[in-house]
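Reader: I'd like to go through this one with you before I set anything up. Could you put the structure on screen?

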Protein chains: 2
Amino acid sequence: MSEVVIAGIGQTQVGEHWDISLRSLALEAIEAARAEVTGLEPQALFVGNMLAPQLSNQAHVGALLADYAHLGGIEAFTVEASGASGGVALRAGYLAVASGLVDVALVVGVEKMTDTIGGEVEAALSTANDSDYEAVHGLTPTAQAALLMRRYLHEFNAPRDGFAGFALNAHANGAGNPKAMFRKAITVEMYNQAGIVSDPLNMFDVAPFADGAAALLLTRSDLLPKNFSHPLVRIKASSMATDTLALHDRPNPLSFSAVQRSVEQVCDKARITPLQIDFIELHDAFSIMAVLSLEAAGFAQPGEGWQLAQSDFIGIQGSLPINTMGGLKARGNPGGASGVYQAVEAIQQLRGQAGKNQVPDARRAMIQSLGGPASTVVTHILETL
Amino acid sequence: MSEVVIAGIGQTQVGEHWDISLRSLALEAIEAARAEVTGLEPQALFVGNMLAPQLSNQAHVGALLADYAHLGGIEAFTVEASGASGGVALRAGYLAVASGLVDVALVVGVEKMTDTIGGEVEAALSTANDSDYEAVHGLTPTAQAALLMRRYLHEFNAPRDGFAGFALNAHANGAGNPKAMFRKAITVEMYNQAGIVSDPLNMFDVAPFADGAAALLLTRSDLLPKNFSHPLVRIKASSMATDTLALHDRPNPLSFSAVQRSVEQVCDKARITPLQIDFIELHDAFSIMAVLSLEAAGFAQPGEGWQLAQSDFIGIQGSLPINTMGGLKARGNPGGASGVYQAVEAIQQLRGQAGKNQVPDARRAMIQSLGGPASTVVTHILETL
């Protein structure tokens, strides 16, 4: 199997882009990624998107972007797995290049969520849950996360403000990321006084809907031009797993079994233990998701994940830096683009381009994208060469 | 590269299934495909679907079906490329197995389109066209096909009833396919008297919306159990190409350049010429699409594709049998499932299981799936081993 490297990265500002169309957002990211590597023509385009058919009246985004980015009629299609769509698009690109069937692949995640009318986005996002048994009863992803958090507080007798550390960390890191949607640190007082979104979730437990696009150029290391100047980052391993779509079908809703399996598999393939990573980009669409993911991945015992955020353990200078550029919470959560943003940010770290957010000696990253309540999980290990 | 075989096939009746849910339809096809090969556990599921988020309020269909079909938490995601979604799901499965990264893959195409309210489906299908420049002006896929046909009649001075032969062939073949939505032959008089849908398209130029699911089990030939009893069919070659999304961006709207490129590439890979296939399953969502596809693929000169249907040339016993089980027109067009139905039907032919529709000595098939006005084209060559 060929060694797959991510040679080019691009990203747009995350935020509310009412004046930029879906295709223009994607193009900006694609052109930035392509500009990093001259002379490599992509042969395939993998698009991570979850909501364009519903929110932008635009399906068939693969052909649209291959066309709009003047890619010469190459293969292009959308992969969709709810909030994990971006991570899955990366995996599809990885498989295509690793197989040797494609030499150069573009991966782009793009989403436009904010120029909509009230409730429309939450309704669209609810299609990621079980339509016949959950969404039909009014269960939205936010309400579901609230149920998970309430259960967690009850089951483990965890303190409500034990979750504050994740939001504080995210916003502290977002402050150092010029592409982040929110670039101001917050205090524990601000967290404790924040308005309730869906009890017990407050505003700082919930990542914001956002518009944005991020792109990656994948190829094999032997195909890179001689003048390639960035530190090289390879995809060391990739894995994907699924769990029941409906939360009520699980023996223990607080155990994200697909996270556990995906992390085990990816570490097996990379021949590392989880402790051998230098930082992790987690899918913190809700703070409870970060906690449950850390526990399922083995970084904490069940019921103790919240404790990781009680010190600077998860900070940039800590033992396990988390969401080093702000995560979904502060960078923003542009749906199917988020998984690609994670890769872009991890590569900034691994190249030493993360500015004041630089994790010291960062050589190996884990990035993980979730769809629904970890019904889909895709995990990658990225490494410097 | 490993040799990829399609060892199991399954399909549901195509029609109006108001009493069967999306997941149950898919499960029926998956179980039928799996029942053909004992002892092989799928490691990945590729879902072709285009409209479930819009028409069934259900995205995240990969995780849903991996769950509902009890596949043990394997990798699963949806691929979307408009009407080509099923064909692209087959290609994704093929790439996964050919790469050696996956031993056994399930491909399922599923769509539910008929239990909706008037206009809803056409609006959803219009998201496959260019939303900002076409659909926003009211252009639906049907209206676009009508424009193409009108232009064709004008440009080549072709007779209006020159298109009848494609509908007659489709319905004659549908009559012999127990899974087809329409199982009655029609006459040229019926064609000529049919109601106009969008001038000049009449009812028999337009494939019907439908519900249905079809599934394929892909693996490598060396992994098959010893007691495998069906004639083996391999995927000899696969290719995919794109064209502009909007029709007005093309120098010649009557030239399907992505069909031309995809067919050239797939024939190169298979080391054959188009004339060496025994039959073809075409994407006849509209009769004009069949004509333009045949011309772009090289089976007729521009302006002369309609002449192929003036004799029994395209019939089961003809030189180039087309849409041997009824095609999209008579079998029905369940959106993202249609490309998978094409594969199932081609394999029925190649196995000698096509009943009274059997193409004599069928050993090599071309199947081709289109998204939009051939903005996405995916073509496969299937062969007996």
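Reader: Is A:Asn323 buried or exposed?

Author: This is a predicted model, and in it A:Asn323 has a relative accessibility of 2%, so it counts as buried, the cut-off being under 20%. The residue sits in the loop between helix H10 (287-297) and helix H11 (327-331) of chain A.

Reader: And what is phi of A:Asn323 near?

Author: Phi of A:Asn323 is near 50 degrees, which is a positive value in a residue other than glycine. In chain B, phi of B:Asn323 is likewise near 50 degrees, and B:Asn323 is buried with a relative accessible area of 2%.

Reader: Switching to peptide bonds, which residues does a cis bond join in chain A?

Author: A cis peptide bond links A:Asp199 to A:Pro200, with omega about 5 degrees, and A:Pro200 belongs to the loop between strand S5 (196-198) and strand S6 (201-202) of chain A. In chain B the bond from B:Asp199 to B:Pro200 is cis, with omega near 10 degrees.

Reader: Now the interface: how many residues of chain A are in contact with chain B?

Author: Chain A has 52 residues in contact with 52 residues of chain B, and the area buried between the two chains is about 3,900 Å², of which carbon and sulfur atoms give 54%.

Reader: How many salt bridges go across it?

Author: The rule finds 6 salt bridges across the interface of chain A and chain B, and the side chains of A:Arg91 and B:Glu75 also meet in a salt bridge, at 2.6 Å from N to O. Polar contacts between the chains come to 34 residue pairs, both residues being at pLDDT 80 or more.

Reader: Which element gives the most to chain A's side?

Author: That is strand S3 (75-80) of chain A, which gives 6 residues to the side touching chain B. By class, that side has 22 nonpolar, 20 polar and 10 charged residues.

Reader: How do S3(A) and strand S3 of chain B run?

Author: They run antiparallel and are joined by 3 bridges, with A:Val79 standing opposite B:Val79.

Reader: Last topic, why is helix H7 of chain B largely enclosed?

Author: Of the 11 residues of helix H7 (residues 164-174) of chain B, 9 are buried, so the helix is largely enclosed by the rest of the structure. Among the buried ones are B:Phe166, B:Asn169 and B:His171, and what covers the buried residues includes helix H8 (188-193), helix H10 (287-297) and helix H11 (327-331) of chain B.

How values were computed. Residues are numbered from 1 along each chain as its sequence is written. Chains are lettered from A and ligands numbered from 1 in the order in which they are written. This is a predicted model: local features need pLDDT of at least 70, side-chain atom pairs count only at pLDDT 80 or more; totals for chains, interfaces and linings use all residues. Side-chain values use heavy atoms; hydrogens and water are left out. Buried means under 20% relative accessible area, exposed over 50%, partly exposed in between (1.4 Å probe, protein chains only). Helices (H or I, at least four residues) and strands (E, at least two) are DSSP runs, numbered from the N terminus. Contact means heavy atoms within 4.5 Å. Buried area is the accessible area (1.4 Å probe) that two parts lose on being put together, summed over both. A salt bridge is a side-chain nitrogen of Lys or Arg within 4 Å of a carboxyl oxygen of Asp or Glu. A polar contact is a pair of N or O atoms within 3.5 Å; within protein, one must be able to donate a hydrogen and the other to accept it, and residues adjacent in sequence count only if both atoms are side-chain atoms. Ala, Val, Leu, Ile, Met, Phe, Trp, Tyr, Cys and Pro count as nonpolar, Asp, Glu, Lys and Arg as charged, and the others, Gly among them, as polar. Two strands pair if DSSP finds at least two bridges between them.
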